[in-house]
Every structure is written in structure tokens, then in C-alpha cells.
Amino acid sequence: MNTSTLLNVLKTDEQLSALPLRVVAGILFIAHGAQKLFAWFGGYGLEGTGQWMESIGLAPGYLMALMAGSAEFFGGIFLLVGLLTRPTAVALAFTMLVAIFAVHFQNGLFMSNNGYEFALSLFAISVSLVFQGGGKFSLDRVLTSKLTSQGKAQLQTASN
């Protein structure tokens, strides 16, 4: 991957608006992923989650639990620190679409009926982060600054 492609992936702005979205969504995704992967916070772990996913038609259940749990847990960590925010948010938005339509949609909107309102909220946050990137206090911003300054230094050296 060349530097300009990486810069486009990491591209973000100096705004603070992404920070609360990243932090809250990151914590929520980490917790939900940990339930699926490690049986933390009252979750069922890979075996239990895999069996449940298989029972609702998401087969092979263990692999689906591993994929969803990994996307949520590791994606949540990436959002929390603002690393590769845009591609991470795409993966998480897709994960939420699967959750909405495979699990919650038939139950209606409200969480009280196991509806899709929570997954829809996480989907909206993820899509928002796809558009705006990690923001001012993100590793994406740090990496972009370093890559940009290295590129400028290389250009100056080449022109001398």
C-alpha cells in the first residue's frame, strides 16, 4: 500500500465531534464482542453464541460467532483509540446490518421486544464515523501528521 492510499484511509479532520462517538461506540462494541468471544459480562462465549447463531440460521454458527465477536471486540478497540477508523466503521456498520435483519427486525423497533433500535443506533454511529474519520484525538490523526511530514521532508530532500 503506497503512502497516498494510506493517507486516504486515515484521512480525518481536526474536529472533536468524532471523539464521543468513537469512545461510546468503542466501549459498547468491546463489551458485546467480549460477550461473544470470552463469555464476559454475562455472555455465552463462542460455543453458546455459535449454537444460538446456528439456531437462527446463521451457519456455521461457531464461525459466525467468531466473526461477529471479533469485529465487535477488535473493532471496538480500534474505534476507541481511533485507529483505521473508516475501514473499522465499515466493518462494524455491516455487522450491525446483519444483526438488524437477521436477529432483530422481525421484533420491531423497540429493545423491550428485542427490536433493532440499539443495533440501528450503533449502525448510525458507525456510518457517521465512516464519513468523518477518527477526528482530532485519534491515532489516525497522529499517523496522518507523521506520514504527511515525512512526505514533505522527502520532497524537500529530492528538490535539493
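This is a predicted model: local features need pLDDT of at least 70, side-chain atom pairs count only at pLDDT 80 or more; totals for chains, interfaces and linings use all residues.
The chain folds into seven helices and zero strands, so an α-α-α-α-α-α-α order simply follows from the N terminus on, with helices defined as DSSP runs. Along the principal axes, the C-alpha atoms occupy a box of roughly 65 × 30 × 25 Å. Of the 160 residues, 35% count as buried. Contacts between residues at least 6 apart in sequence were also examined, and 66% of them join residues at least 24 apart.

The buried residues of α2 are Ala 18, Arg 22, Ala 25, Gly 26, Phe 29, Ile 30, Gly 33, Ala 34, Lys 36 and Leu 37. These buried residues pack against α3, α4, α5 and α6. The phi of Ala 39 is positive, near 60°, even though the residue is not a glycine. Ala 39 counts as partly exposed because its relative accessibility is 37%.

Two further loops deserve a stop along the way. Between α3 and α4 lies Pro 60, which is joined to Ala 59 by a cis peptide bond with omega at about -5°. In the loop between α4 and α5 sits Leu 84, another non-glycine residue with a positive phi, here of about 50°. With a relative accessibility of 29%, Leu 84 counts as partly exposed.

Helix α6 covers residues 117-132. Its 16 residues reach 23 Å from the first C-alpha to the last, close to the 22 Å expected at 1.5 Å a residue. Buried in this helix are Ala 119, Leu 122, Ile 125, Ser 126, Leu 129 and Gln 132. These residues lie on the same side of α6 because they cover an arc of only 160° around the axis. In general, an α-helix has 3.6 residues a turn, so residues three or four places apart point the same way. The cover over the buried residues of α6 includes α2 (18-38), α4 (61-81) and α5 (85-104). Gly 133 follows the helix, with a positive phi near 80°.

The nonpolar cores come next. The largest has 14 residues, of which Ala 25, Phe 29, Leu 79, Met 96, Ala 119, Leu 122 and Leu 129 touch the most other members. Two or more residues of this core come from each of α2, α5 and α6, and α5 gives the largest share, five residues. The surroundings of Leu 79 give a local view: beyond its neighbours within four places in sequence, Leu 79 is in contact with Arg 22, Ala 25, Gly 26, Phe 29, Thr 85, Thr 88, Leu 92 and Leu 129. A second, separate core has nine residues, including Ile 30, Leu 46, Leu 58 and Ala 65.

Two of these residues, Leu 58 and Ala 65, return among the contacts of Met 53. Met 53 lies in helix α3 and counts as buried because its relative accessibility is 6%. Leaving out residues up to four places away in sequence, Met 53 touches Lys 36, Leu 58, Gly 61, Met 64, Ala 65 and Ala 68. Met 53 and Ala 65 are twelve residues apart in sequence, and their C-alpha atoms are 7.0 Å apart in space.

The largest pocket has a volume of about 830 Å³. It is lined by 30 residues, and those closest to its centre are Lys 36, Trp 52, Glu 72, Ala 99 and His 104. At least two lining residues come from each of α2, α3 (45-55), α4, α5 and α6. Helix α5 supplies the largest share of the lining, seven residues.

How values were computed. Residues are numbered from 1 along each chain as its sequence is written. Side-chain values use heavy atoms; hydrogens and water are left out. Helices (H or I, at least four residues) and strands (E, at least two) are DSSP runs, numbered from the N terminus. The expected span of a helix is 1.5 Å times one less than its number of residues. Buried means under 20% relative accessible area, exposed over 50%, partly exposed in between (1.4 Å probe, protein chains only). The arc is that of the directions from the helix axis to the C-beta atoms. Contact means heavy atoms within 4.5 Å. A nonpolar core is a set of buried Ala, Val, Leu, Ile, Met, Phe, Trp, Tyr and Cys residues joined through side-chain atoms within 4.5 Å. On a 1 Å grid over the protein atoms alone, a cavity is a set of points where a 1.4 Å probe fits but cannot get out, and a pocket is an open set with protein on both sides within 12 Å along at least five of seven lines; lining residues have an atom within 4 Å of a point. Grid points are joined across faces, edges and corners, and a volume is the space filled by probe spheres set on the points.
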